[in-house]
Amino acid sequence: MAEITRDEVAHLADLARIDLDDAELDHLAPQLSVILESVASIRGVADDDVPPTSHPVPLTNVFREDVVQPCLTAEQALSGAPAKEDGRFSVPRILGDEQ
């Protein structure tokens with residue numbers, strides 16, 4: 001497997017909206033390469049007769065059934081809001097228009 005390049009780390013950081021300086025990019029690229037190599041070595045151990053799993057043992061759903069129950073009206077839910085607009089909570093924008 002090829003090493004992950006500094007430019008690829010910069011691209012991933014940009015996609016994740018993480019601001020990394022040059023020293024951080026130089027530091028992270030080799031670390032991410034080691035992680036990718038580790039995953040590749042685990043992939044090589046798995047045989048075709050071993051099905052992929054997300055857990056070593058089967059899981060049982062322990063959640064309750066969805067049951068409709070009385071709840072707050074929109075007016076009650078918004079009654080304590082510091083700012084509201086068009087029947088919704090109004091919050092400051094955190095993403096720019098470039099996305």
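This briefing describes the overall build of the chain, the meeting of its helices, its salt bridges and a few individual residues.

The structure is a predicted model, and its chain holds 3 helices and 2 strands. Followed along the sequence, these elements come in the order α-α-α-β-β. The radius of gyration of the chain is 24 Å, well over the 13 Å that the globule rule gives for 99 residues, and the chain is therefore more spread out than a compact globule.

**Overall build**

- Taken along the principal axes, the box that the C-alpha atoms of the chain fill is roughly 55 × 45 × 20 Å.
- Burial, as counted over the 99 residues of the chain, applies to 8% of them.
- When contacts between residues at least 6 apart in sequence are considered, 33% of these contacts in the chain join residues that are at least 24 apart.

**Where H1 meets H2**

- Helix H1 spans residues 6-15, while helix H2 covers residues 22-45, and the axes of these two helices come within 9 Å and cross at roughly 105°.
- Because a crossing between 65 and 115 degrees counts as roughly perpendicular, H1 is described as roughly perpendicular to H2.
- On the H1 side the contact is made by Arg6, Val9 and Ala10, and on the H2 side by Asp22, Leu25, Asp26, Leu28, Ala29 and Leu32.

**Salt bridges**

- The chain has 3 salt bridges by the rule applied here, and one of them pairs Asp22 with Arg6, whose closest N and O atoms are 2.7 Å apart.
- Asp22 belongs to helix H2 and Arg6 to helix H1, so this pair ties together parts that are 16 residues apart in sequence.
- Arg6 also forms a salt bridge with Asp26, where the closest N and O atoms are 2.7 Å apart, and this pair links distant parts of the chain, with Asp26 in helix H2 and Arg6 in helix H1, 20 residues apart.
- Arg6 has a relative accessibility of 29% and counts as partly exposed, and Asp26 is likewise described as partly exposed, with a relative accessible area of 46%.
- Another salt bridge joins Asp86 and Arg88, with the closest N and O atoms 3.9 Å apart; at 54% relative accessibility, Arg88 counts as exposed.
- Through salt bridges that share partners, Arg6, Asp22 and Asp26 are joined into one network.

**Loop residues with positive phi**

- Arg17 lies in the loop between H1 and H2, and its phi is near 55°, which is a positive value in a residue other than glycine.
- The relative accessible area of Arg17 is 46%, and this residue is partly exposed.
- Asp86 sits in the loop between strand S1 (84-85) and strand S2 (88-89), and has a positive phi of about 55° although it is not a glycine.
- The relative accessible area of Asp86 is 65%, and because exposed means over 50%, this residue counts as exposed.

**Ser33 in helix H2**

- Ser33 has its place in helix H2, and its relative accessible area is 4%; because buried means under 20%, Ser33 is counted as buried.
- Once its neighbours within four places in sequence are set aside, Ser33 is in contact with Glu3 and Ile4.

**Ala74 in helix H3**

- Ala74 is part of helix H3, which takes in residues 74-78, and this alanine is partly exposed, with a relative accessible area of 48%.
- Ala74 and Gly87 are 13 residues apart along the chain, and their C-alpha atoms are separated by 7.1 Å.

Conventions:
Residues are numbered from 1 along each chain as its sequence is written. This is a predicted model: local features need pLDDT of at least 70, side-chain atom pairs count only at pLDDT 80 or more; totals for chains, interfaces and linings use all residues. Side-chain values use heavy atoms; hydrogens and water are left out. Helices (H or I, at least four residues) and strands (E, at least two) are DSSP runs, numbered from the N terminus. Buried means under 20% relative accessible area, exposed over 50%, partly exposed in between (1.4 Å probe, protein chains only). Contact means heavy atoms within 4.5 Å. A salt bridge is a side-chain nitrogen of Lys or Arg within 4 Å of a carboxyl oxygen of Asp or Glu. Axes are lines fitted to C-alpha atoms, for helices over the stretch in contact, and angles run from 0 to 180 degrees between N-to-C directions. Angles under 35 degrees count as roughly parallel, over 145 as roughly antiparallel, 65 to 115 as roughly perpendicular and the rest as oblique. The radius of gyration is taken over C-alpha atoms; the globule rule is 2.2 Å times the number of residues to the power 0.38.
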